[in-house]
Amino acid sequence: MTAPPVDNPDPLAAAVQGADVLHEAKPPPAIVELWKRAADVRAFDANNRPPARDWLLEREPENDEERDEAKKWGGEGARVGVLPLGKVGLLASAGGCGKTMLLCQLAISVATGLPWLGRRGGRQGWHVAPRALGKSLLLLGEEDEDEARRRLYNAADTMGLNDEERARAADLIHFVPLAGCPSALTERDERGAVRSSPAMHALRDRLEALAKADGEPWRLVVVDPLARFADSEAEADNAAATRFIQEAETLARRIGEHKSGPAVLVAHHTAKVARREGDASGNAIRGASGLVDGARWAATLESLPEPDVGPDGPGGRRLGFSGARLALVKSNYSATAPPLWLRRAGNGALVEMTADERERFEAAMVETKNAEKNGARPKRPPPQGGNGKTPPTPPSPSHYEPRSALDEQRDTERENQTRRDLFE
């Protein structure tokens, strides 16, 4: 029995409807082109040096081995690649940790060349590769226009942009506020197969038209968050998850004469169970494993509340700030980078902690964790001359209750174990 004709704009979806259809259907043009090119692929030749990979983000080498590898591809003083151009990556965290602000800051860095999450004139944060400057598109599924503008304004303010940098960022950053607007980039056809939605077709056409109009390359496309743009089954079904990543890869293709396509970063959420257990690895990313498996790069953002160390904490004072930790949990094309410890500004923007800030923050985390293990609770600060006659009482040397059952050696062992639990 012959199957009815297939009316489907996606040839790949049409090709899997049945054996008779598969036999009669023509393969999609992209596959035909790959088959033609396969005949021209050369055998492996150790002397046939491939081109160097293009990176959006780079970092300073951590050791001689990384320095030598970077020098081999980029020459003296080259940095180590972190996030490649032309690939799809994931950035995951709990809701409200700062993913959107982080990505707005990245778009500003891509436009201006300022370090991402670093400080002006310093070596902190991750660097935008000099050849990776260009346009960014922010698809903000949870923000209206006013909120999107506030985020970009606050990010620019924290990064200290001058007038020239602000003008360049305004020219090169395109954002689409989509709160309340259905905007899925994939959909199901009448047979249940996942395919590009009309919104995805329009988006690809628009990216190509804008790139050709001004000649400025796209370097970053942000899809925030995945739940607003993916098929409803993408988080539960590996096949749907893989198809969404494939669709995102079409946004990362090279456009026109530009050597590389943009990096596509999809914001997503971590699983509730993983957050409860303190898991910030790739396993913490919510949903089907096909998402992480298909993405070429993945990072998690973990919120770090200000440790409850009281007024006489490390250094004799409260820290006065909260933080976050950005960890690269998957990178198919580079060594795993050390995590970035970030300080949260009052407007929600994030910037890498200084060495002193990180040391104090880690010490406070250890102190708080040890107190929790010992069942101690922070003491209230002593009264400060409440009767108007008694002079203020100086703070206690330790704001935790005495640990009468623990000797010095066990205290040291406990602190070392806490450090391993927290930071290794």
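At the start of helix α4 (residues 64-74), a side-chain oxygen of N63 comes to within 3.2 Å of the backbone nitrogen of E65, a polar contact in the sense of a pair of N or O atoms within 3.5 Å, where within protein one must be able to donate a hydrogen and the other to accept it, and where residues adjacent in sequence count only if both atoms are side-chain atoms. Just after α4, G75 adopts a positive phi of about 85°. The model is a predicted one, in which local features need pLDDT of at least 70 and side-chain atom pairs count only at pLDDT 80 or more, while totals for chains, interfaces and linings use all residues. Residues are numbered from 1 along each chain as its sequence is written, and side-chain values use heavy atoms, with hydrogens and water left out.

Helices and strands here are DSSP runs numbered from the N terminus (helices being H or I with at least four residues, strands being E with at least two); the protein has 14 helices and 14 strands. Helix α10 (residues 238-251) has 14 residues and spans 20 Å from its first C-alpha to its last, close to the 20 Å expected at 1.5 Å a residue, the expectation being 1.5 Å times one less than the number of residues. D237 caps the N-terminal end of α10, with a side-chain oxygen 3.3 Å from the backbone nitrogen of A239. Among the buried residues of α10 are R243, F244, I245 and E247, where buried means under 20% relative accessible area, exposed over 50%, and partly exposed in between (1.4 Å probe, protein chains only).

T100 lies in helix α5 (residues 99-112), and T100 touches L140, E143, R151 and D224, not counting residues up to four places away in sequence; contact here means heavy atoms within 4.5 Å.

| Residue | Relative accessible area | Class |
|---|---|---|
| T100 | 10% | buried |
| C97 | 7% | buried |
| C104 | 1% | buried |

With a disulfide taken as a pair of cysteine sulfur atoms within 2.5 Å, the count comes to 0 disulfides.

Two strands are said to pair if DSSP finds at least two bridges between them. An open sheet of 3 strands has the order β2-β1-β4, with antiparallel pairing. Because β2 (80-84) and β4 (127-128) stand at the edges, each with a single partner strand, one side of each is left without a neighbour in the sheet. Strand β1 (residues 55-59) pairs with β4 over 2 bridges in the antiparallel sense, and H127 in β4 is the bridge partner of E58.

Strand β13 (residues 340-344) is mostly covered, with 4 of its 5 residues buried. Strand β12 (residues 323-331) runs antiparallel to β13 and is joined to it by 4 bridges, with L340 in β13 as the bridge partner of L326. β13 also pairs in the antiparallel sense with strand β14 (residues 350-352) over 3 bridges, and R343 stands opposite V351 in β14. In the hairpin of β13 and β14, which has 5 residues between the strands, G348 takes a positive phi near 95°.

Of the 424 residues of the protein, 44% count as buried. Residues 24 or more positions apart account for 70% of the contacts with a separation of 6 or more. The accessible surface comes to about 22,700 Å², of which 49% belongs to carbon and sulfur atoms, as computed by the Shrake-Rupley method with a 1.4 Å probe.
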